[in-house]
Amino acid sequence: MWKHTWSIPVSLAIVLAGCSQSEERDSSTDKSNSVPKTSKTAESNVVLKELRTPWNIEKNRETFYITEREGTILKGSSKEQVRMELDLSENVVAEGEGGLLGMALDPDFSDNQTAYVYHTYEKNGTLYNRVVAIVEQDDTWKETRVLLDEIPGASIHNGGRIEIGPDDFLYVTVGDAAVPENAQKLSSLSGKILRMKLDGSPADGNLREYVYSYGHRNPQGLVFVDQTLYATEHGQSGHDEINRIESKNYGWPLIEGTEKQQGLVTPWYEVGEQSVAPSGVAALDGKLYFGTLVGQSLRSIESSTSKVEQVVSDRGRIRDVMVDGKDLYYITNNTDGRGNPGDEDDVLVRLTP
């Protein structure tokens, strides 16, 4: 059972287009290089090396915390780095696109050393995901409470990004777990963006208990720009989307791309027929910056004109992006079995405009 009672059976969003097995698989026919490169020169340097299938970047002061899909958190700075284990009541299961995924630091992290993570686990032979609070203690993270569990999981389409909004609510992306019709069911957590308080109880004003928005296939990135929430999402056969997220129905699997239907949201931006597999997203100076997996690049999109430019194209798969107020950081994802890792991969890179 979930931690909280729910009677169900066991946007800005970019939708990643991909094959039926997984929307993250690389494609030799990808035409991502046709996207214009930015004319503004940027300098970059590697901050951390030898990451193991990294997924999410967090930063507190000068220290980075990077989740790794196998179930560890890399803590690092310019001086040193250490790989930290997690003491959890349920083991992380790194199967397919599942594992240790999103992470968000508590607003009072410097005082309470508390963070929130999203991870895949197995129960009675079935894959699920859950959101738990963890506390940093020496070189270990210890689970302190379960916010929400038995979120449907699978080897693909687990979602997994979490973000604390300006309202101090926790926003959580959940994929359709390879059962598309569940994205339209308010009685299911699949294919949703969830919203909850930091104690794990549902936020007031949701569509239904935890459900903030629905009709999502596999949302992979979240970022707030002032009070507006944007999300990236993977599509089925191209048509990756970016949406401004409100408490609405975003259409999957009833519509995708530029299709329209009454009561359903057509994307603010969609990539067309060619998949790029967008993932993490961050905001800086009137633009959203998002990493792409199949597209193997870091791209920007202007929030006012939706003009897209390619910023980085020589690092392979890019999983997450983060802004600390001045600089932009991203992590590559070449060690996940779908990329071509170099000797130093995976890496955390700082990009200074």
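Predicted model: local features only at pLDDT ≥ 70, side-chain atom pairs only at ≥ 80, totals over all residues.
**A chat about contacts, cores and salt bridges**

Trainee: Which side chains are joined by a polar contact of 3.0 Å?
Mentor: Those of Glu136 and Tyr65. A polar contact is a pair of N or O atoms within 3.5 Å, one able to donate a hydrogen and the other to accept it, and residues adjacent in sequence count only if both atoms are side-chain atoms.

Trainee: Where is Glu136 found?
Mentor: In strand S8, residues 126-137; a strand is a DSSP run of E, at least two residues, numbered from the N terminus.

Trainee: Is Glu136 buried or exposed?
Mentor: Glu136 counts as buried because its relative accessibility is 12%. Buried means under 20% relative accessible area, exposed over 50%, and partly exposed in between, with a 1.4 Å probe and protein chains only.

Trainee: And what does the side chain of His157 make a polar contact with?
Mentor: With the side chain of Asp176, at 2.7 Å. His157 sits in the loop between S9 (140-152) and S10 (162-164), and at 3% relative accessibility His157 is buried too.

Trainee: New topic: how many residues has the largest nonpolar core?
Mentor: It has 22 residues, and Tyr116, Tyr118, Ile151, Leu170, Val172 and Leu194 have the most contacts inside it. S8, S9 and S10 are among the elements giving two or more residues to this core. Apart from it lies another core of 16 residues, including Leu86 and Ile134. A nonpolar core is a set of buried Ala, Val, Leu, Ile, Met, Phe, Trp, Tyr and Cys residues joined through side-chain atoms within 4.5 Å.

Trainee: How many salt bridges are there?
Mentor: A search of the whole structure finds 14, each a side-chain nitrogen of Lys or Arg within 4 Å of a carboxyl oxygen of Asp or Glu.

Trainee: What does Arg317 form a salt bridge with?
Mentor: With Asp336, their closest N and O atoms being 2.8 Å apart. The two lie in loops 19 residues apart: Arg317 between S21 and S22 (318-323), Asp336 between S23 (328-332) and S24 (348-352). Arg317 is buried at 0% relative accessibility, and Asp336 is buried at 16%.

Trainee: Which residues do salt bridges with shared partners join into one network?
Mentor: Lys287, Lys307 and Glu309. Within that group, Lys287 and Glu309 come 3.5 Å apart at their closest N and O atoms.

Conventions. Residues numbered from 1 in each chain as written. Heavy atoms only, no water. Helix = DSSP H or I, 4+ residues; strand = E, 2+ residues; numbered from the N terminus.
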